[in-house]
Amino acid sequence: MSNDSKYQNKKIYVAGHTGMVGSAVKRELEARNYDNLLCKSSEELNLLRQKEVEDFFEAEKPEVVIMAAAKVGGILANNTYRAEFIYNNLMIEANVIHSAYKNGCEKLIFLGSSCIYPKMAPQPLKEEYLLSDYLEFTNEPYAIAKIAGIKLCENYYRQYGCNFYSIMPTNLYGPNDNFDLETSHVLPALMRKFHEAKVQNKKSVTLWGTGKPMREFLYVDDLADAVIFLIETVEAKDIYSKGISQINIGTGKDITINELANLIAEVVGFKGEIQHDLTKPDGTPRKLMDVSRINSLGWKYKTELKEGIEKTYKWYLNNIENK
Ligand code: GFB
């Protein structure tokens with residue numbers, strides 16, 4: 001079955017297709033019969049190597065690029081591997097975006113994160129707040145790299161007319177997430193902690209920080225749906241003509257980490273106590289996205305948080321726990 005999109009038969013390169021976001025985008029494109037996808041594992045193509053990226057683009061000439069390749073992680077990974085987070089992300093973006101330009105790529109969508117907004121920006125975070133104040137310390141290296149990616153897209157549009165633009169998803173979760181307790185984000189970390197505590201009959205689970213920060217969570221399949229909506233309907237000029245550099249993607253609703261913990265404990269079936277390790281950082285107090293722009297363009301999230309946690313837990317049991 002095909003749809004009316006002029007992008008349906010284009011050669012689409014999904015950079016980072018083995019990660020949580022890239023795999024969701026690939027799944028969703030395939031489900032909608034986009035059957036000209038191009039994917040390369042990191043063994044086949046190292047995006048940190050400029051020459052490899054140049055050769056790949058020259059040989060394959062992808063017509064559309066979805067930039068879901070990045071070095072990502074939770075608050076501790078960002079704060080610990082600070083040099084790797086800035087270096088790897090800058091190199092990947094610069095190599096891919098420049099090669100896409102050189103080889104006549106018709107459309108490129110770059111994925112960032114809500115941590116690009118200043119630590120104390122007013123809430124909800126409007127696209128205009130980019131670069132209006134200081135960043136949050138723990139994720140400053142990652143945020144600086146992602147802001148550079150936004151500005152690469154914007155300025156390749158301004159100088160060369162490239163149809164390249166950026167989207168800023170809120171905190172994502174879902175199948176293929178990273179469940180490593182040191183490097184993961186909060187949602188998969190808590191899912192694993194509660195699950196293991198339940199199985200091992202432990203009396204308590206320890207959260208990092210105070211549990212008071214607020215976060216917004218989007219199920220990754222909804223993000224994939226948004227990416228396809230944007231491929232099909234939104235061009236770079238639509239973004240930049242509004243005087244903004246990127247577009248937010250989220251639910252527009254947030255909860256405290258303590259509330260999230262209670263919800264995950266309920267889904268997992270953990271009935272013990274929740275404790276706090278106050279030696280671990282809280283990070284940004286709040287980062288709720290203003291999603292009125294993407295909503296007014298005609299896209300809205302579908303999966304409520306509890307349903308998304310239930311789906312993710314099912315995936316965790318089938319793919320991590322039982323393997
Ligand atoms: O998801 P998370 O690691 O990253 O942490 P950020 C969110 C909040 O959950 C912080 C708390 O206040 C953590 O202290 N938290 C409680 C935990 N228990 C845990 C736990 O067991 N593991 C983890 N990981 N957190 C990241 C940025 O920020 O979000 C990235 O560092 C990126 O750059 C990403 O933007 C989306 O939401 O604070």
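Where is the place of Leu131? Leu131 sits in the loop between β4 and α5, where helices (H or I, at least four residues) and strands (E, at least two) are DSSP runs numbered from the N terminus. Before going further, a word on the ground rules. This is a predicted model, in which local features need pLDDT of at least 70, side-chain atom pairs count only at pLDDT 80 or more, and totals for chains, interfaces and linings use all residues. Residues are numbered from 1 along each chain as its sequence is written, and side-chain values use heavy atoms, with hydrogens and water left out.

**The overall picture**

The protein has eleven helices and twelve strands. Its radius of gyration is 19 Å, close to the 20 Å that the globule rule gives for 323 residues, so the protein is as compact as a globular protein of that length. That radius is taken over C-alpha atoms, and the rule is 2.2 Å times the number of residues to the power 0.38. The C-alpha trace spans about 60 × 45 × 40 Å along its principal axes.

Of the 323 residues, 53% count as buried. Here buried means under 20% relative accessible area, exposed over 50%, and partly exposed in between (1.4 Å probe, protein chains only). Contacts, meaning heavy atoms within 4.5 Å, also have a story to tell: among those with a separation of 6 or more, 83% come from residues 24 or more positions apart. The protein exposes about 14200 Å², and carbon and sulfur atoms supply 49% of that area. Accessible areas come from the Shrake-Rupley method with a 1.4 Å probe; for residues, only the protein chains shown count as cover.

**Around the ligand**

The ligand has 23 residues around it, of which Ser113, Lys193, Arg215, Pro281 and Asp282 come nearest. A residue is near a molecule if one of its heavy atoms lies within 4 Å of it. By class, this shell holds eleven nonpolar, eight polar and four charged residues. For that count, Ala, Val, Leu, Ile, Met, Phe, Trp, Tyr, Cys and Pro are nonpolar, Asp, Glu, Lys and Arg are charged, and the others, Gly among them, are polar.

Which elements each supply at least two residues of the shell? They are α3 (75-80), α6 (186-199) and β7 (204-208), and α6 gives the largest share, with four residues.

A polar side-chain atom of Arg215 lies 2.7 Å from a ligand oxygen, and for Lys287 the corresponding distance is 3.2 Å. The protein covers 97% of the 700 Å² of accessible area that the ligand has on its own.

Now for some polar contacts inside the protein. Such a contact is a pair of N or O atoms within 3.5 Å; within protein, one must be able to donate a hydrogen and the other to accept it, and residues adjacent in sequence count only if both atoms are side-chain atoms.

| Residue | Partner | Side-chain polar contact |
|---|---|---|
| Asp254 | Arg286 | 2.8 Å |
| Asp282 | Thr210 | 2.8 Å |
| Lys10 | Glu106 | 2.9 Å |

Asp254 lies in the loop between β10 (246-249) and β11 (255-256) and is buried, at 14% relative accessible area. Not counting residues up to four places away in sequence, Asp254 touches Met214, Arg215, Glu216, Arg286 and Leu288.

Asp282 is in the loop between β12 (273-277) and α10 (292-297). At 29% relative accessible area, Asp282 is partly exposed. Leaving aside neighbours within four places in sequence, its contacts include Ile75, Gly209 and Arg215. The C-alpha atoms of Asp282 and Lys212 are 70 residues apart along the chain and separated by 7.9 Å.

Lys10 belongs to the segment before β1 (12-15) and is buried, with a relative accessible area of 18%.

Most residues other than glycine have a negative phi, and most peptide bonds are trans. Asn201, in the loop between α6 and β7, has a positive phi of about 55° and counts as exposed at 68%. The peptide bond from Gln123 to Pro124 is cis, with omega near -5°; Pro124 is in the loop between β4 and α5.
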